[in-house]
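This briefing covers one protein chain, topic by topic. Please look at the sequence and the model first.

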Amino acid sequence: MADPTEPSVEDHGESSSGEEDDELVPHPVGGQTSMSTENSKLKKKKKKSKKPKAKNAVTDGTGGSDIAIAGNSSSAKAQSTNIRSIEDLLRQLAIQEQPQKKSMDDYKFWKTQPVTTFDEKIDDEGPIEISKTPDDIPDTPYPLLKEFEWDTMDLSDADVIKEIFDLLYANYVEDSDSTFRFNYSRRFLDWALRAPDFRPDWYIGVRVAGTKKLVAFISGIPVRLRVRNTTIQSAEVNFLCIHKKLRSKRLAPLLIKEVTRRVNKQDIWQALYTAGVVLPKPVATCRYYHRSLNWTKLNEVGFSPLPPGMTKAKMVAKYKLPSSTSLPGLRLMQREDIGQVYDLLVAYLNKFELAQVFGREELLHWLMHDYGTESVPNDENDKERVVWAYVVENTEGVITDLVSFYKLPSTVIGNPVHDNLVAAYEFYYASTAGLDLPRTDPDGSAMLKSRLLLLFNDALILAKNLGFDVFNALTLLDNPMFLDELKFGAGDGYLNYYLFNYKAFPIDGGYHEDGKLDAVKRSGVAVVML
Ligand SMILES: CCCCCCCCCCCCCC(=O)SCCNC(=O)CCNC(=O)[C@H](O)C(C)(C)COP(=O)(O)OP(=O)(O)OC[C@H]1O[C@@H](n2cnc3c(N)ncnc32)[C@H](O)[C@@H]1OP(=O)(O)O
């Protein structure tokens with residue numbers, strides 16, 4: 001078989017001098033850069049860290065905070081103060097070491113697109129281009145070199161899902177020394193891509209014409225998005241992936257233009273997408289945080305180094321959790337709960353500046369997938385399960401809280417003891433605590449904080465008991481109120497949120513410029529992207 005990846009792929013319609021490619025490849029993948037940060041700096045001094053570099057990256061965030069708790073004596077306290085300042089310094093360095101953006105002119109593709117530029121002064125929110133109609137958009141796909149062809153991927157076909165899975169498995173995400181590889185399960189892809197009202201033609205593949213091998217993919221799903229007070233019919237674009245051997249050949253701009261064409265044909269002109277790379281221009285940036293559930297395993301796979309002054313036993317003790325949850329009435333969500341859960345989540349999300357406007361069916365899909373239907377029992381311990389939602393029901397039958405998380409495992413390559421790392425990612429949650437008060441109200445915030453501490457401590461216990469090794473969360477929603485106290489550590493991944501063809505005032509990402517969590521304002525972002 002001829003090597004499908006040999007021919008280069010021409011881009012049509014955006015300038016490409018070629019000079020910009022060198023600095024772009026290999027790209028930091030997804031939501032994280034490979035620049036050193038507080039955490040990786042600490043590790044470099046001791047032990048090389050191994051981290052998947054994806055927008056869903058699982059990275060150890062234990063370094064800084066673990067050092068700070070070393071020792072109990074007063075001299076240790078003094079030492080701890082010094083370490084705190086070292087931590088602060090490293091935190092600042094971490095901020096400075098976020099990837100430097102290129103100049104606008106160097107974004108050969110993105111400078112041709114309707115996106116906000118870096119130095120643009122935003123005076124009002126709204127679409128950037130409004131002049132087109134679907135009739136102005138070409139009916140046929142962008143031309144590819146003759147060695148390649150477009151394919152609309154039929155996700156109802158298990159073999160097609162397997163092809164996408166295989167492409168992503170080998171090419172979507174891995175860490176710098178190929179120790180961890182993200183492992184999106186087929187059921188996960190079904191969940192992520194086949195939400196209600198999905199558009200079959202928004203699953204776009206590129207195949208080698210001769211062999212039909214799938215070498216690139218991009219997907220969109222329709223979403224209603226609220227940016228402050230405006231609701232916009234949009235696409236959420238995700239799972240952009242190009243075979244490693246076809247990198248730096250300007251295929252990504254073609255995929256992006258093709259998905260744009262297909263979305264525009266539906267009279268939709270805005271999109272939301274996230275990436276670890278800095279592009280013009282993020283509307284918000286959140287940071288990844290990680291909470292060890294199985295520290296010993298994280299340590300054994302080379303993921304969580306032992307901080308100086310600590311013993312393994314102390315680390316295990318630090319992350320120990322009770323064996324059962326504490327909130328009375330906490331239970332697995334059932335499909336029948338959707339009415340109350342919908343009302344609760346809508347009321348909670350209304351307080352944020354960037355949120356998805358869910359329909360009831362849509363929310364049921366996201367929180368329950370097919371669980372609880374005739375074909376798929378609502379089995380909490382099902383090994384194939386991808387999303388878990390729990391509610392707290394009070395004695396009057398009222399659902400007062402919702403918490404959910406999803407599963408994204410990584411394969412551990414070449415480790416004699418472990419072959420996988422199983423991460424839980426925080427998904428949507430809501431609480432009635434402080435709900436009637438404005439978000440800025442100190443009493444309402446205090447009530448919410450106490451409740452979230454209990455709710456997420458229980459979520460950690462549930463995740464631990466289900467066999468997860470680590471619990472990951474971003475600094476979005478109200479997370480900055482509880483991450484530190486629940487022993488989440490700052491990771492070295494950032495997730496940039498982008499709006500296509502829509503300018504908006506910046507939205508808080510949940511941390512201050514010095515890297516500390518902003519527990520008062522928290523984040524305005526309430527969209528959890530997979
Ligand atoms: C209205 C509807 C609109 C719908 C569309 C909305 C926009 C959707 C946007 C997509 C949202 C995706 C959300 C996710 O899925 S984020 C996850 C992205 N996927 C991965 O990280 C997986 C592993 N990496 C790869 O497969 C490749 O490295 C990718 C495909 C990322 C780039 O391939 P390659 O390395 O072979 O590069 P190239 O030579 O073809 O192209 C170079 C150009 O591509 C720009 N680039 C690089 N990375 C990204 C990125 N993550 N988002 C947007 N643009 C990106 C780059 O700045 C340069 O442009 P410019 O600097 O010259 O200007």
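Leaving aside neighbours within four places in sequence, Asp-190 is in contact (heavy atoms within 4.5 Å) with Ile-161, His-365, His-369 and Asp-370. Asp-190 lies in helix α5 and counts as buried at 17% relative accessibility. Buried means under 20% relative accessible area, exposed over 50% and partly exposed in between, for a 1.4 Å probe and protein chains only.

The model is predicted: local features need pLDDT of at least 70 and side-chain atom pairs count only at pLDDT 80 or more, while totals for chains, interfaces and linings use all residues. Residues are numbered from 1 along each chain as its sequence is written, and side-chain values use heavy atoms, with hydrogens and water left out.

**The chain as a whole**

- The secondary structure comes to 11 helices and 16 strands; these are DSSP runs, numbered from the N terminus, with helices being H or I of at least four residues and strands E of at least two.
- Of the 530 residues of the chain, 57% count as buried.
- Taking contacts between residues at least 6 apart in sequence, 76% join residues at least 24 apart.

**Aromatic pairs**

- The structure holds 32 aromatic pairs. Rings of Phe, Tyr and Trp (its six-membered ring) pair if their centres lie within 6.5 Å; planes under 30 degrees apart count as stacked, over 60 as edge-to-face and the rest as tilted.
- Trp-191 and Trp-366 have ring centres 5.5 Å apart and planes at 75°, so the pair is edge-to-face. Trp-191 is in helix α5 (residues 186-193) and Trp-366 in helix α10 (residues 360-368), so the pair ties together parts that are 175 residues apart in sequence.
- Both residues are buried: Trp-191 has a relative accessible area of 0%, and Trp-366 has one of 5%.
- Trp-388 and Phe-468 form another pair, with ring centres 5.4 Å apart and planes at 80°, so this pair is edge-to-face. The pair links distant parts of the chain, 80 residues apart: Trp-388 is in strand β11 (residues 387-393), and Phe-468 is in the loop between α11 (442-465) and β14 (470-474).
- Trp-388 is buried, with a relative accessible area of 3%, and Phe-468 is buried with a value of 3%.
- One aromatic cluster includes Tyr-172, Tyr-184, Phe-188, Trp-191, Phe-239, Phe-358, Trp-366 and Tyr-406. Among the other members of that cluster are Tyr-425, Phe-427 and Tyr-428.

**Charges over rings**

- A charge sits over a ring if NZ of Lys or CZ of Arg is within 6 Å of the ring centre and within 35 degrees of the ring normal.
- The charged end of Lys-102 sits over the ring of Tyr-107, 4.5 Å from the ring centre.
- The charged end of Arg-186 sits over the ring of Phe-165, 5.5 Å from the ring centre.

**Helices α9 and α10**

- The axes of α9 (residues 338-349) and α10 come within 10 Å and cross at roughly 100°. Axes are lines fitted to C-alpha atoms, for helices over the stretch in contact, and angles run from 0 to 180 degrees between N-to-C directions.
- The contact is made by Ile-338, Gly-339, Val-341, Tyr-342, Asp-343 and Leu-345 of α9 and by Arg-360, Leu-363, Leu-364 and Leu-367 of α10.
- The residues of this contact divide into seven nonpolar, one polar and two charged. Ala, Val, Leu, Ile, Met, Phe, Trp, Tyr, Cys and Pro count as nonpolar, Asp, Glu, Lys and Arg as charged, and the others, Gly among them, as polar.

**Backbone features**

- The peptide bond from Pro-280 to Lys-281 is cis, with omega near -25°. Lys-281 lies in the loop between β7 (270-275) and β8 (284-292).
- Phe-239, in strand β6 (residues 230-242), has phi near 60°, a positive value in a residue other than glycine. Phe-239 is buried, with a relative accessible area of 2%.
- Leu-477, in the loop between β14 and β15 (489-500), has phi near 50°, a positive value in a residue other than glycine. Leu-477 counts as buried at 0% relative accessibility.

**Arg-207**

- Arg-207 is in strand β4 (residues 203-208) and counts as buried at 8% relative accessibility.
- The C-alpha atoms of Arg-207 and Phe-148 are separated by 5.6 Å, with the two residues 59 apart along the chain.
- Leaving aside neighbours within four places in sequence, Arg-207 has contacts that include Glu-147, Phe-148, Glu-149, Asp-151 and Glu-163.
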